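Subject: Structure handover and notes

Hi,

Here is the structure I promised to pass on to you. Please have a look at it first, and then read my notes below.

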Amino acid sequence: MHESFDPAQVATIDGPLIRLGDKVVTAGSCFAANLVPYLEKAGFTYLRTEYTHPLYTKIPPENLSYAKFSAGYGNIYTTAQLQQLLLRALGEFEPVERVWCVDDRYIDPFRPGLRYAARSAREFDALTTAHLRAVVRAFSECDVFIFTLGLTEGWVSKADGAVFPACPGTVAGEFDATAHAFHNFNVEEVTESLLAFIAKLREINPSVRVILTVSPVPLVATAENQHVLASTVYSKSVLRVAAETAVRRNAGVEYFPSYEIITGPQAPKDFYEADRRNVSASAVETVMSAFFSACERSDGLKGAAAPEVPVIAPAASALSTALVDFECEEAAQAR
Amino acid sequence: MNVTRSFDGSTTIAPIASHGDGVLGVLSPWPRPLEAFWAAALEGAKDRAVAVSYGGNIHLARFLFAPQPMFDFVASEHPDLPLDESVELIPEAAIRAELAPHVINVRPRLEALAKVAAKVLYIGSPPPKGDDEFIAKCLRAEKFFVNLAKSSNIALEDVRFSPRLLRLKLWHALQAIMRETAEGVGATFVPAPEAGKTDEGYLHADYYAVDVSHANKLYGAQVVANLRRYVD
């Protein structure tokens with residue numbers, strides 16, 4: 001990258017992307033999860049409505065990105081998946097294929113990698129309802145919604161078009177050629193679902209500001225009969241056009257050029273790891289630096305430590321442990 | 001239990017007179033010297049039926065007092081128990097992940113015993129007491145706890161118990177973990193006797209020991225009678 005090149009100048013945005021005190025929600029592909037610790041470390045308010053209980057700090061963390069985002073939706077790769085999540089949360093879409101029973105686990109096809117999956121049908125219903133409520137809370141209470149568009153390729157249900165985050169049978173479940181199909185969303189479909197999502201989001205949160213980004217992570221594989229490089233360029237091109245269309249058609253929707261900063265010809269070689277797929281830490285830091293320069297800042301905010309995870313209950317559990325230990329000793333001595 | 005000789009502070013096996021001929025127990029000081037305790041049990045296990053009561057109180061050790069924020073969960077083996085939808089819902093699998101490590105420790109001990117014993121029985125713990133007023137009284141009368149609360153700057157009147165239904169669900173979850181642990185090493189899980197429970201599944205008041213977490217000798221007698229059925 002040439003010394004005179006300033007990544008912050010790639011963004012042409014009116015007004016701050018995020019203002020001090022704004023509640024921020026993010027969603028999208030794995031690149032979107034990378035943003036969260038930077039936002040929190042910089043002192044912005046990352047709104048979390050699920051997986052916040054201190055119990056989760058004492059056990060192995062939830063798999064993949066389920067506990068990294070505002071609610072436990074995990075990675076959302078396609079705009080169709082994002083639109084579908086909001087419609088499900090609002091009770092406006094109920095997938096035909098809503099649960100996979102595998103051994104003693106009730107798997108959510110739309111969150112197939114959950115470590116802490118339901119163990120009964122009733123628990124599945126209760127957890128799914130609670131999750132979708134948490135989605136509504138996050139989406140309706142945020143001031144800023146950041147979405148990273150990740151993929152155009154997806155796997156859908158032939159019954160009702162429900163979009164799965166991964167091909168059934170890969171993370172969980174079983175692939176059934178009579179029920180599941182590959183679909184590569186075209187530019188009209190991606191744009192339509194993105195615009196429909198923004199419109200629906202504004203029904204429950206009229207003043208929300210939306211920031212769109214495109215993931216710079218290339219596809220690891222393609223289900224199209226072509227080279228993965230060709231599929232990557234197609235996919236990113238479609239996503240970029242859809243994002244631009246959404247910005248041009250909606251006030252309060254901005255595009256932040258993280259994709260361009262990392263993939264453009266000015267980008268240094270080390271913006272990707274040696275595998276030439278994973279984005280390097282220095283690239284993410286460059287992007288976040290440019291991003292924060294477009295946000296409202298105060299000197300005191302810069303570099304602020306990440307807020308501590310609230311652990312409210314240690315006194316109660318320490319007391320009960322001490323008490324039970326004492327009673328066990330008393331009982332043992334009484335024998 | 002009544003042992004046939006006075007306890008000299010060492011970890012050893014001794015006959016338990018109150019349970020008849022041929023019944024032995026491991027005597028040890030507290031806190032238990034774990035290796036010596038299990039070595040003594042193993043030493044006496046050859047060709048005998050061995051009953052193990054261990055790790056059954058962790059649900060109360062972790063959650064007797066109301067967690068903040070409050071949570072609830074669906075107990076998979078008792079899915080019809082009411083669910084408090086006004087508090088945070090935690091997956092039962094996460095609850096099990098919290099409780100299980102405390103029971104998993106006993107697994108290699110049971111496994112070692114199962115290799116030499118005629119039979120290994122893993123005793124389920126008594127269900128929780130459902131009478132909050134009773135356990136509150138015990139707590140207020142317990143000098144150890146009063147002093148502990150005082151030194152922790154916690155006012156006794158501010159101490160809140162977990163809802164009794166949550167305690168019951170936690171106990172059910174723990175019993176399932178204990179049963180699976182036993183079955184995983186070829187031991188037999190002996191569940192809490194039904195006669196010791198109320199209709200709702202809590203410990204019957206007749207079997208309350210005068211403390212927060214334990215059952216009394218009458219309940220113990222039921223457990224012993226139950227064990228005999230598994231041995232005979």
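First, the ground rules. This is a predicted model, where local features need pLDDT of at least 70 and side-chain atom pairs count only at pLDDT 80 or more, while totals for chains, interfaces and linings use all residues. Residues are numbered from 1 along each chain as its sequence is written, chains are lettered from A and ligands numbered from 1 in the order in which they are written, and side-chain values use heavy atoms, with hydrogens and water left out.

**Between the chains**

Chain B brings 46 residues into contact with 37 residues of chain A (contact means heavy atoms within 4.5 Å). About 3700 Å² is buried between the two chains, and carbon and sulfur atoms give 67% of that area (buried area is the accessible area, with a 1.4 Å probe, that two parts lose on being put together, summed over both). On the chain B side, B:W30, B:P91 and B:F144 lose the most area to chain A, together 15% of what that side buries.

Two salt bridges are counted between chain B and chain A (a side-chain nitrogen of Lys or Arg within 4 Å of a carboxyl oxygen of Asp or Glu). A:R119 forms a salt bridge with B:E92, and their closest N and O atoms are 2.7 Å apart. Side chains of opposite charge can pair when their charged atoms come close. Over all chains, the whole structure has 25 salt bridges. The A:R119 pair crosses between chains, from the loop between strand 4 (105–107) and helix 3 (121–141) of chain A to helix 3 of chain B. Helices (H or I, at least four residues) and strands (E, at least two) are DSSP runs, numbered from the N terminus.

**Helix packing in chain B**

B:E92 also takes part in a contact inside its own chain, where helix 3 meets helix 7. Helix 3 (residues 92–104) and helix 7 (residues 164–184) of chain B pack at about 55 degrees, with axes 10 Å apart (axes are lines fitted to C-alpha atoms, for helices over the stretch in contact, and angles run from 0 to 180 degrees between N-to-C directions). That angle makes helix 3 of chain B oblique to helix 7 of chain B (under 35 degrees counts as roughly parallel, over 145 as roughly antiparallel, 65 to 115 as roughly perpendicular and the rest as oblique). Among the residues that meet are B:I95 and B:L99 from helix 3, and B:L170 and B:I177 from helix 7.

Helix 1 (residues 34–43) and helix 4 (residues 107–116) of chain B pack at about 20 degrees, with axes 10 Å apart. These two helices of chain B are therefore roughly parallel to each other. From helix 1, B:E35, B:W38, B:A41 and B:L42 meet B:R109, B:A112, B:L113 and B:V116 of helix 4.

**Helix packing in chain A**

In chain A, helix 2 (residues 79–89) packs against helix 4 (residues 187–204) at about 30 degrees, with axes 8 Å apart. That makes helix 2 of chain A roughly parallel to helix 4 of chain A. The contact includes A:L82 and A:L86 of helix 2, and A:L194 and A:F197 of helix 4.

**Two backbone details**

Which residues does a cis peptide bond join? They are B:Q68 and B:P69, with omega about -10 degrees. B:P69 sits in the loop between helix 2 (58–63) and strand 4 (71–72) of chain B. In chain A, A:Y51 has a phi near 60 degrees, a positive value in a residue other than glycine. A:Y51 lies in the loop between strand 2 (45–46) and helix 2 of chain A.

Best wishes
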